[in-house]
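The structure comes first, then my notes.

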Amino acid sequence: MGFLADALSRIKPSATIAVTTKARELRAAGKDVIGLGAGEPDFDTPENIKAAAIDAINRGETKYTAVDGMPELKAAICKKFKDENDLDYEPSEITVSTGGKQVLYNALIATLNEGDEVVIPTPYWVSYPDIVLLGGGTPVFVETSLADSFKVTPEALEAAITDKTKWLIFNSPSNPSGAAYTPAELKALTDVLMRHPNVWVMTDDIYEHLTYDGFEFATPVQVEPGLRDRTLTVNGVSKAYAMTGWRIGYAGGPAKLIKAMANIQSQSTSNPCSVSQWAAVEALSGPQDFIQERADAFKARRDLVVGLLNECEGLECPTPEGAFYVYPSCAGCMGKTTPSGTKLATDEDFITALLEDEGVAVVHGAAFGLSPFFRVSYATSTEALVEACARIKRFCASLT
Ligand SMILES: Cc1ncc(COP(=O)(O)O)c(C=O)c1O
């Protein structure tokens, strides 16, 4: 199709959204489907945040704001970085966008040239490679393993870096594996990065507040201040504050990069929604106690799901430190056949048969660059999780 841009041929629509759509279609057709594909908390946005947004509307805060975030929100973000991460950023070093996704997009589009390499550990969040490809860059994947708890080793990182490497995209806690790096594990990686002064670090900390068992979260510049001048510290309100629909993400980084990102945003979407920005001010500055309460609920669900999945024949499910996903291996089911005669050769075959036979929607590991695994989101009710795991167990037991 000569009309469409060549860049489009390099990317594909998000596989996670595709699975959610298929589950919705099956449900609309009358099938009893349990969706474990979603990447968002099932909790509601807290009342004080909603009230702040309504208040903003009533005050008439409904006009354009500064392109990359209004001063009140930038001040709240500077304070968040200082209080929670011990990072000092000036407002000129802060950007606000329509979701963390747009922050990542702006940064990559503002910096990538043809042939630039971007190191991405697998399994990765689905959008990283596609945004890199859209920007004309080349993703370079670093494989992790279940044995290493899906964490990239310093040796593997070192081996992936070349003189063309522009960025490392780092995500802890991770979507899809839930793996989170301890400060010591992170320091081992930042030591490698200190030996490569031309490599920039894009750290996606969006699941910062979703860690369990007293895990101590750390971000790269915190453990290695020497990386400050070449790190973009990305975060957002979507996951911690159950605000996925409000579309507010932000980052701290060197002013020159932040300015370039504002340039891209000024010629595409302009400012993120003014009302959502006021809601985000309240999210970051208001009471924070519900975050721990919700994290406790997620931890209980994680333990439940890990326990139940490990009872399934052919599955192996490690216990991750954070986020609201688990990433079990289905290696023990590969090569087996379903009762209707389908041979399971890939994790995509596995999740397709599971959806058709038992009405459970999960996402195949190939979508995240590491097979044979699948991602289960446990951001749903305990009852749904118990029923879904019972169905997965029955499905695995039915394979011959
Ligand atoms: C790892 C990761 N980064 C970034 C995002 C983007 O979040 P948002 O654009 O809603 O802020 C998501 C959402 O699923 C995610 O899982």
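In which loop is Pro123 found? I located Pro123 in the loop between strand 3 (117-122) and helix 5 (127-134). The model is a predicted one, so I treat each value below as computed from it.

**Entry 1: peptide bonds and a backbone angle**

I then went to Pro372, which is in the loop between strand 11 and strand 12. The peptide bond from Ser371 to Pro372 is also cis. Its omega is near -10°.

Next I checked Ser149. This residue is not a glycine, yet its phi is positive, at about 55°. I found Ser149 in the loop between strand 4 (138-143) and helix 6 (154-160).

What is the strand order in the open sheet of three strands? I read it as 9-12-11, and the pairing is antiparallel. Strand 9 (325-326) and strand 11 (363-364) are the edge strands. I call them edges because each pairs on one side only.

I reminded myself what pairing involves: strands of a sheet pair through backbone hydrogen bonds, either parallel or antiparallel.

I followed one pair in detail. Strand 12 covers residues 374-377, and strand 9 pairs with strand 12 in the antiparallel sense over two bridges. For Val326, I found the bridge partner in strand 12 to be Val376.

**Entry 2: the ligand**

Where does the ligand sit? I found that the space taken by the ligand is the largest pocket.

Which residues come nearest to the ligand? There are 13 residues around it, and Gly100, Asn175, Asp204, Lys239 and Arg247 come nearest. I sorted the shell by class and got four nonpolar, five polar and four charged residues.

Arg247 has a polar side-chain atom 2.7 Å from an oxygen atom of the ligand. For a polar side-chain atom of Asn175, the distance to a ligand oxygen is 2.8 Å.

How much of the ligand's exposed area does the protein bury? Taken alone, the ligand exposes 390 Å², and the protein buries 92% of that.

Technical notes. Residues numbered from 1 in each chain as written. Predicted model: local features only at pLDDT ≥ 70, side-chain atom pairs only at ≥ 80, totals over all residues. Heavy atoms only, no water. Near = heavy atom within 4 Å. Polar contact = N/O pair within 3.5 Å; in protein donor to acceptor, adjacent residues only side chain to side chain. Areas by Shrake-Rupley, 256 points an atom, 1.4 Å probe, with all protein chains shown as cover. 1 Å grid on protein atoms, 1.4 Å probe; cavity = no way out; pocket = protein on both sides within 12 Å on 5 of 7 lines; lining within 4 Å. Sits in = over half its atoms within 2 Å of the grid points. Nonpolar A, V, L, I, M, F, W, Y, C, P; charged D, E, K, R; others polar. Pairing = 2+ DSSP bridges. Helix = DSSP H or I, 4+ residues; strand = E, 2+ residues; numbered from the N terminus.
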